[in-house]
Amino acid sequence: MKIYAADKSELMQVTKVERQGDNLVLKGKVFGTMPMAATLTPEEARAFRKLLTPKLLWFILTLPFRKGAKT
């Protein structure tokens, strides 16, 4: 999975998602070279949940089934 910046440059390539205790850890490379592990804690997951609206939640649930933008 790749995460892109607004200018469509690659920010991070996620190669592994795993659980460490109560945290979710995303492992990969930033800018294609620098190894990184990003941690999502339960507190931050709750903070993210507060940002969700029903419309945005529906979009996230249907995102894997949508066509990608043509390049």
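Is A69 buried or exposed? I shall open with this residue and then turn to the strands and the charged side chains. Please keep in mind that we are looking at a predicted model.

A69 lies in the segment that follows helix α2, which spans residues 54–62. Its relative accessibility is 72%, and A69 therefore counts as exposed, since the cut-off for that class is over 50%.

Four strands make up an open sheet, arranged in the order β1-β2-β3-β4, and their pairing is antiparallel. β1, residues 2–4, and β4, residues 34–40, are the edge strands; each has a single partner, so one side of each lacks a neighbour in the sheet. On average, neighbouring strands are turned by 35° against each other, if direction is ignored. For those new to the subject, strands of a sheet pair through backbone hydrogen bonds.

I shall take the strand pairs in turn. Three bridges connect β1 and β2 in the antiparallel sense, and K2 stands opposite Q13 of β2. These two strands form a hairpin with five residues between them, and K8 in the turn has a positive phi of about 70°.

The next pair is β2, residues 10–20, with β3, residues 23–30; eight bridges join these antiparallel strands. Within this pair, V17 faces L26 in β3, while M12 has V30 as its bridge partner. β2 and β3 also form a hairpin, here with two residues between the strands, and G21 in the turn has a positive phi of about 65°.

Finally, I come to the charged side chains. How many salt bridges does a search of the whole structure find? The search finds four. One of them joins E10 to K2, with the closest N and O atoms 3.6 Å apart. Both residues are partly exposed: E10 has a relative accessible area of 25%, and K2 is at 40%.

Which residues are linked in a network of salt bridges? They are K16, E18 and K27. E18 forms a salt bridge with K16, where the closest N and O atoms are 3.4 Å apart. E18 also forms one with K27, at 3.0 Å between the closest N and O atoms. K16 is partly exposed, with a relative accessible area of 45%, and K27 is likewise partly exposed, at 29%.

Methods. Residues are numbered from 1 along each chain as its sequence is written. This is a predicted model: local features need pLDDT of at least 70, side-chain atom pairs count only at pLDDT 80 or more; totals for chains, interfaces and linings use all residues. Side-chain values use heavy atoms; hydrogens and water are left out. Two strands pair if DSSP finds at least two bridges between them. Axes are lines fitted to C-alpha atoms, for helices over the stretch in contact, and angles run from 0 to 180 degrees between N-to-C directions. Buried means under 20% relative accessible area, exposed over 50%, partly exposed in between (1.4 Å probe, protein chains only).
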